[in-house]
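Below are some notes for a colleague on the ligand site and the pocket around it. Please read them with the structure open.

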Amino acid sequence: MYADDDARDRLGTTLIGARMVHHEQVDSTNLEALRLAGQQAPVGTVVTARTQTAGRGRLGRGWFDAPGRCLLLSALLEPLAGGAGLLTAAGALAVASAVRSLGAQAAIKWPNDVLIGGRKVAGVLAEGPREGLFALGIGVNVNGRPADLPGELRDSATFLSHELGREVDLRALQAEVLRGLDDAVARLLAGEGASLVEEIAGYDCLAGRRVRARAGERELTGEALGWADDGRLVVRDDGGRRVRLDAGEVTLI
Ligand code: BTN
């Protein structure tokens, strides 16, 4: 493990990278970030890892990584007025715009997936709070081929390099994502959540499409209308009612 307290200067960020802690191997950068929160780590602390032994995904799932070829990071952040939903949105936007700047057609699938060509290349997971802070975790599959993925993910996930047809500089991508996250979080803290959501609309792959949504016990079908300013997904169900979802699973029909 090594720690770096000058990362903000190098990154040119104001909040993100207040402290950078890197692990060759850790159970989960989200869990490690929350442990550091318990040790009074500053807001903006970022935990990175070469590999995770117990990577955490949404809805109790795990998160796969190809060691040394994926971006695995978690940032410690204060809760926002709009809740964890907008934190997740900030993470997804930071990844999607970094991916797009490399030349790939990134899309955001509410609430936390970044896709290229319909396949998932990144996921975002906010967990906490601990000592009043959330760990915003970001995982990106960077350099690899579909054959490197576990069988059950081969049809639904991909690697950035595979989509671009070239290797990607992991460190440069990490810096770009952290700068994007810094910018997005600053906008949220300044009360500009609506402009963030507007920008996300430019990546939204669900708006205008028919979806099936599951939220807890509830299942509905309808048309996705887009993200609400608080990060929830607005769906017009088949009965004509506007429903706002704040969690759950959405699939395109
Ligand atoms: C999802 O799409 O299900 C969310 C995946 C989030 C994965 C990242 S990898 C870095 C951080 N640490 C974790 O254990 N999970 C997140």
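**Notes on the pocket and its ligand**

1. In the lining of the largest pocket, the residues divide by class into 13 nonpolar, 15 polar and eight charged. The model is a predicted one, and the lining has 36 residues, among which Gly62, Trp63, Asp113, Lys120 and Gly123 lie nearest the centre of the pocket.

2. The space in the largest pocket comes to about 730 Å³. Two or more residues of its lining come from each of these elements: H2, E4, strand E6 (113–116), E7, E8 and strand E13 (249–252).

3. The ligand is found in this largest pocket, and of the 21 residues around the ligand, those that come nearest are Ser28, Gln52, Arg56, Arg58 and Lys120. The shell around the ligand consists, by class, of six nonpolar, eleven polar and four charged residues.

4. Helix H2 (29–37), strand E4 (70–77), strand E7 (119–130) and strand E8 (133–141) each contribute at least two residues to the shell around the ligand, and E7 gives the most, with four residues.

5. For lysine 120, an N or O atom in the side chain is 2.5 Å from an oxygen atom of the ligand. Of the 410 Å² of accessible area that the ligand has on its own, the protein covers 98%.

Terms used
Residues are numbered from 1 along each chain as its sequence is written. This is a predicted model: local features need pLDDT of at least 70, side-chain atom pairs count only at pLDDT 80 or more; totals for chains, interfaces and linings use all residues. Side-chain values use heavy atoms; hydrogens and water are left out. A residue is near a molecule or strand if one of its heavy atoms lies within 4 Å of it. A polar contact is a pair of N or O atoms within 3.5 Å; within protein, one must be able to donate a hydrogen and the other to accept it, and residues adjacent in sequence count only if both atoms are side-chain atoms. Accessible areas come from the Shrake-Rupley method with a 1.4 Å probe; for residues, only the protein chains shown count as cover. On a 1 Å grid over the protein atoms alone, a cavity is a set of points where a 1.4 Å probe fits but cannot get out, and a pocket is an open set with protein on both sides within 12 Å along at least five of seven lines; lining residues have an atom within 4 Å of a point. A molecule sits in a cavity or pocket if more than half of its atoms lie within 2 Å of its grid points. Ala, Val, Leu, Ile, Met, Phe, Trp, Tyr, Cys and Pro count as nonpolar, Asp, Glu, Lys and Arg as charged, and the others, Gly among them, as polar. Grid points are joined across faces, edges and corners, and a volume is the space filled by probe spheres set on the points.
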